[in-house]
Amino acid sequence: MRVCCAQLTQVWDDVDAAFLKADAFLSGKAGIADMAVFSEQYATGWRPAPAQVSGVDVKNRWLALAEKHNVCVVGSYQKTVAGGLPQNTMLVCGPSGEIIAEYSKMYLFVPGKEDRCFSPGAEPVTFTYGGVKFGCAICFDLRFPELFRAYLKMGCECVLVQAAWPAARVSDWELLLRARALENRGFVIGAACMGYDPVSGTDYCGRSMVCDYEGRVISDGGVFEGECVGDVDVEGVREMRRVWGMI
(Lines give C-alpha, C1' and ligand atoms only; values in the text may rest on other atoms or scores of the structure.)
Protein backbone atom coordinates (compact mmCIF):
# COMPACT_ATOMS: atom_id res chain seq x y z
CA MET A 1 0.00 0.00 0.00
CA ARG A 2 1.73 3.18 -1.20
CA VAL A 3 0.81 6.52 0.35
CA CYS A 4 1.86 9.91 -1.02
CA CYS A 5 1.82 13.12 1.04
CA ALA A 6 1.17 16.24 -1.02
CA GLN A 7 3.60 18.78 0.38
CA LEU A 8 2.43 21.95 -1.33
CA THR A 9 2.92 25.64 -0.65
CA GLN A 10 -0.28 26.79 1.03
CA VAL A 11 -2.69 29.13 -0.73
CA TRP A 12 -4.75 31.03 1.84
CA ASP A 13 -8.30 32.20 1.13
CA ASP A 14 -8.37 31.18 -2.55
CA VAL A 15 -10.14 27.85 -2.97
CA ASP A 16 -9.96 27.90 -6.77
CA ALA A 17 -6.19 28.37 -6.78
CA ALA A 18 -5.74 25.72 -4.09
CA PHE A 19 -7.68 23.11 -6.03
CA LEU A 20 -5.87 23.97 -9.27
CA LYS A 21 -2.63 23.11 -7.47
CA ALA A 22 -4.12 19.92 -6.05
CA ASP A 23 -5.39 18.89 -9.49
CA ALA A 24 -1.98 19.50 -11.07
CA PHE A 25 -0.27 17.54 -8.30
CA LEU A 26 -2.55 14.53 -8.74
CA SER A 27 -2.19 14.65 -12.54
CA GLY A 28 1.46 13.72 -12.16
CA LYS A 29 0.86 10.89 -9.71
CA ALA A 30 -1.01 8.38 -11.86
CA GLY A 31 0.15 4.90 -10.88
CA ILE A 32 2.64 6.22 -8.31
CA ALA A 33 0.51 5.93 -5.18
CA ASP A 34 -2.71 4.31 -3.98
CA MET A 35 -3.56 7.24 -1.71
CA ALA A 36 -2.73 10.96 -1.67
CA VAL A 37 -2.90 12.87 1.61
CA PHE A 38 -3.18 16.66 1.74
CA SER A 39 -2.41 18.94 4.69
CA GLU A 40 -4.82 20.29 7.30
CA GLN A 41 -7.53 22.51 5.79
CA TYR A 42 -5.58 22.61 2.54
CA ALA A 43 -8.44 24.14 0.52
CA THR A 44 -8.51 27.39 2.49
CA GLY A 45 -5.40 27.31 4.66
CA TRP A 46 -5.55 26.70 8.40
CA ARG A 47 -6.44 29.66 10.58
CA PRO A 48 -8.43 29.85 13.81
CA ALA A 49 -11.39 31.29 11.93
CA PRO A 50 -14.36 29.96 9.96
CA ALA A 51 -13.76 29.86 6.21
CA GLN A 52 -15.67 32.27 4.01
CA VAL A 53 -16.59 29.48 1.60
CA SER A 54 -19.14 26.70 1.74
CA GLY A 55 -17.91 23.56 3.46
CA VAL A 56 -20.24 21.51 1.26
CA ASP A 57 -18.67 23.00 -1.86
CA VAL A 58 -15.16 22.16 -0.63
CA LYS A 59 -16.27 18.64 0.25
CA ASN A 60 -17.76 18.08 -3.21
CA ARG A 61 -14.61 19.36 -4.89
CA TRP A 62 -12.50 16.81 -3.03
CA LEU A 63 -14.85 13.99 -4.04
CA ALA A 64 -14.78 15.10 -7.68
CA LEU A 65 -10.98 15.32 -7.65
CA ALA A 66 -10.64 11.76 -6.33
CA GLU A 67 -12.99 10.48 -9.01
CA LYS A 68 -11.24 12.42 -11.77
CA HIS A 69 -7.86 10.93 -10.91
CA ASN A 70 -9.19 7.52 -9.82
CA VAL A 71 -7.27 7.56 -6.57
CA CYS A 72 -8.05 7.69 -2.86
CA VAL A 73 -7.66 11.32 -1.75
CA VAL A 74 -7.51 12.47 1.86
CA GLY A 75 -8.64 16.08 1.98
CA SER A 76 -10.43 18.21 4.56
CA TYR A 77 -13.14 20.80 5.00
CA GLN A 78 -15.03 22.75 7.63
CA LYS A 79 -18.02 20.63 8.53
CA THR A 80 -21.21 22.43 9.49
CA VAL A 81 -22.65 21.52 12.86
CA ALA A 82 -26.31 22.31 13.50
CA GLY A 83 -26.58 24.97 16.19
CA GLY A 84 -22.85 25.03 16.85
CA LEU A 85 -19.40 25.89 15.59
CA PRO A 86 -18.02 24.07 12.52
CA GLN A 87 -15.59 21.17 12.84
CA ASN A 88 -12.09 20.81 11.38
CA THR A 89 -12.73 17.60 9.45
CA MET A 90 -10.60 15.10 7.53
CA LEU A 91 -12.37 13.67 4.47
CA VAL A 92 -11.31 10.36 2.93
CA CYS A 93 -12.54 10.13 -0.67
CA GLY A 94 -12.65 6.91 -2.65
CA PRO A 95 -11.54 6.65 -6.30
CA SER A 96 -15.15 6.50 -7.45
CA GLY A 97 -15.95 9.78 -5.75
CA GLU A 98 -17.48 8.19 -2.67
CA ILE A 99 -17.02 9.10 1.00
CA ILE A 100 -14.96 6.44 2.79
CA ALA A 101 -14.59 8.19 6.14
CA GLU A 102 -14.81 11.52 7.95
CA TYR A 103 -12.97 12.46 11.14
CA SER A 104 -13.33 15.71 13.06
CA LYS A 105 -10.34 16.93 15.07
CA MET A 106 -10.81 15.94 18.71
CA TYR A 107 -8.07 18.00 20.34
CA LEU A 108 -8.35 21.63 19.30
CA PHE A 109 -5.31 23.91 19.33
CA VAL A 110 -6.26 26.02 22.35
CA PRO A 111 -3.00 28.07 22.34
CA GLY A 112 -4.00 29.26 18.86
CA LYS A 113 -7.63 29.90 19.90
CA GLU A 114 -8.97 27.19 17.61
CA ASP A 115 -11.53 26.31 20.29
CA ARG A 116 -13.18 29.72 19.84
CA CYS A 117 -14.04 29.04 16.20
CA PHE A 118 -14.43 25.26 15.99
CA SER A 119 -16.11 22.50 17.94
CA PRO A 120 -14.23 19.26 18.69
CA GLY A 121 -14.98 15.88 17.19
CA ALA A 122 -16.54 13.27 19.45
CA GLU A 123 -14.64 10.07 18.67
CA PRO A 124 -11.76 8.37 16.83
CA VAL A 125 -12.47 7.19 13.29
CA THR A 126 -11.00 4.22 11.44
CA PHE A 127 -11.34 2.95 7.88
CA THR A 128 -9.89 0.17 5.78
CA TYR A 129 -8.45 0.73 2.33
CA GLY A 130 -6.08 -1.34 0.22
CA GLY A 131 -5.87 -4.01 2.91
CA VAL A 132 -4.67 -1.52 5.56
CA LYS A 133 -6.67 -0.37 8.58
CA PHE A 134 -6.13 3.36 9.10
CA GLY A 135 -6.76 5.76 11.96
CA CYS A 136 -7.24 9.51 11.53
CA ALA A 137 -5.66 12.47 13.33
CA ILE A 138 -5.20 16.18 12.72
CA CYS A 139 -2.24 18.31 13.81
CA PHE A 140 -2.59 19.02 17.59
CA ASP A 141 -4.05 15.50 18.03
CA LEU A 142 -0.47 14.28 17.61
CA ARG A 143 0.36 15.51 21.13
CA PHE A 144 -2.19 13.15 22.71
CA PRO A 145 -0.84 9.57 22.90
CA GLU A 146 -4.16 8.23 24.20
CA LEU A 147 -5.75 8.76 20.79
CA PHE A 148 -3.05 6.71 19.09
CA ARG A 149 -3.26 4.01 21.77
CA ALA A 150 -6.99 3.80 21.06
CA TYR A 151 -6.19 3.24 17.39
CA LEU A 152 -3.79 0.44 18.34
CA LYS A 153 -6.58 -1.24 20.32
CA MET A 154 -8.86 -0.86 17.31
CA GLY A 155 -6.33 -2.73 15.19
CA CYS A 156 -5.06 0.16 13.04
CA GLU A 157 -1.80 -0.48 11.23
CA CYS A 158 -1.30 3.12 10.15
CA VAL A 159 -2.47 6.53 11.38
CA LEU A 160 -2.73 9.46 8.97
CA VAL A 161 -1.98 12.92 10.36
CA GLN A 162 -2.88 16.10 8.48
CA ALA A 163 -1.16 19.21 9.77
CA ALA A 164 -0.33 22.89 9.46
CA TRP A 165 2.72 22.64 11.72
CA PRO A 166 4.79 25.78 12.33
CA ALA A 167 8.45 25.70 11.33
CA ALA A 168 9.36 27.00 14.79
CA ARG A 169 8.24 23.68 16.30
CA VAL A 170 9.28 21.31 13.53
CA SER A 171 11.54 19.36 15.91
CA ASP A 172 8.43 18.51 17.95
CA TRP A 173 6.72 17.33 14.76
CA GLU A 174 9.41 14.78 13.94
CA LEU A 175 9.75 13.66 17.56
CA LEU A 176 6.03 13.11 18.02
CA LEU A 177 5.50 11.32 14.68
CA ARG A 178 8.33 8.93 15.49
CA ALA A 179 7.20 8.44 19.08
CA ARG A 180 3.60 7.65 18.15
CA ALA A 181 4.86 5.14 15.56
CA LEU A 182 7.36 3.49 17.90
CA GLU A 183 5.18 3.22 21.01
CA ASN A 184 2.32 1.63 19.06
CA ARG A 185 4.47 -0.36 16.61
CA GLY A 186 2.60 0.95 13.59
CA PHE A 187 3.06 3.37 10.71
CA VAL A 188 2.36 7.06 11.22
CA ILE A 189 2.21 9.30 8.15
CA GLY A 190 2.21 13.08 8.49
CA ALA A 191 1.25 15.44 5.65
CA ALA A 192 2.24 19.06 6.34
CA CYS A 193 1.97 22.29 4.35
CA MET A 194 4.57 24.90 3.42
CA GLY A 195 4.47 28.66 3.09
CA TYR A 196 4.17 31.91 5.03
CA ASP A 197 0.88 33.17 6.43
CA PRO A 198 1.06 36.98 6.42
CA VAL A 199 -1.97 37.31 8.69
CA SER A 200 -0.57 35.31 11.60
CA GLY A 201 3.09 35.75 10.72
CA THR A 202 3.54 31.98 10.83
CA ASP A 203 6.03 30.11 8.66
CA TYR A 204 5.33 26.51 7.65
CA CYS A 205 8.24 24.43 6.36
CA GLY A 206 6.78 21.08 5.29
CA ARG A 207 8.76 18.07 6.56
CA SER A 208 6.01 15.59 5.68
CA MET A 209 7.11 12.16 6.89
CA VAL A 210 6.42 8.47 6.76
CA CYS A 211 7.49 6.70 9.98
CA ASP A 212 7.53 2.92 10.28
CA TYR A 213 6.74 0.60 13.19
CA GLU A 214 10.23 1.01 14.63
CA GLY A 215 9.96 4.77 14.74
CA ARG A 216 12.28 5.23 11.76
CA VAL A 217 11.69 7.99 9.20
CA ILE A 218 11.59 6.06 5.94
CA SER A 219 10.54 9.04 3.81
CA ASP A 220 10.97 12.76 4.46
CA GLY A 221 9.57 15.53 2.27
CA GLY A 222 12.24 17.97 3.41
CA VAL A 223 11.58 21.71 3.22
CA PHE A 224 10.76 21.99 -0.48
CA GLU A 225 7.48 21.74 -2.33
CA GLY A 226 6.84 18.25 -3.64
CA GLU A 227 5.91 14.90 -2.22
CA CYS A 228 6.73 12.33 0.43
CA VAL A 229 6.01 8.70 -0.54
CA GLY A 230 6.15 5.52 1.50
CA ASP A 231 4.89 1.95 1.51
CA VAL A 232 2.89 0.65 4.47
CA ASP A 233 4.18 -2.82 5.38
CA VAL A 234 1.14 -4.39 7.03
CA GLU A 235 2.78 -7.76 7.58
CA GLY A 236 5.74 -6.08 9.24
CA VAL A 237 3.40 -4.27 11.64
CA ARG A 238 1.55 -7.45 12.53
CA GLU A 239 4.73 -9.44 13.10
CA MET A 240 6.27 -6.69 15.23
CA ARG A 241 3.16 -6.49 17.39
CA ARG A 242 3.04 -10.26 17.73
CA VAL A 243 6.66 -10.36 18.88
CA TRP A 244 6.05 -7.56 21.40
CA GLY A 245 2.83 -9.16 22.67
CA MET A 246 0.64 -6.30 21.50
CA ILE A 247 -1.88 -8.49 19.69
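**Exercises on the cavities**

The second largest cavity holds about 40 Å³ of space, in a model that is predicted.

**Exercise 1.** Identify the residues that line the second largest cavity, and describe that lining by element and by class.

*Solution.* Step one is to list the lining, which is made up of Q41, A43, T44, A51, V53, S54, G55, V58, Y77 and Q78. Step two is to assign elements: α2 (55–69) and β3 (72–79) each contribute at least two residues to the lining of this second largest cavity.

**Exercise 2.** State how many cavities of 30 Å³ or more a search of the whole structure finds, and give the volume of the largest cavity.

*Solution.* The search of the whole structure, with its cut-off of 30 Å³ or more, returns two cavities. The largest cavity has a volume of about 60 Å³.

**Exercise 3.** Describe the lining of the largest cavity, beginning with the residues nearest its centre and ending with the classes.

*Solution.* First, 13 residues line the largest cavity, and those lying nearest its centre are C156, V159, N184, F187 and R241. Next, at least two lining residues come from each of α3 (145–153), β8 (158–163), α4 (170–184) and β9 (187–192), and α3 gives the most to this lining, with three residues. Finally, the lining of the largest cavity divides by class into eight nonpolar, two polar and three charged residues.

Key
Residues numbered from 1 in each chain as written. Predicted model: local features only at pLDDT ≥ 70, side-chain atom pairs only at ≥ 80, totals over all residues. Heavy atoms only, no water. 1 Å grid on protein atoms, 1.4 Å probe; cavity = no way out; pocket = protein on both sides within 12 Å on 5 of 7 lines; lining within 4 Å. Points joined across faces, edges and corners; volume = space filled by probe spheres on them. Helix = DSSP H or I, 4+ residues; strand = E, 2+ residues; numbered from the N terminus. Nonpolar A, V, L, I, M, F, W, Y, C, P; charged D, E, K, R; others polar.
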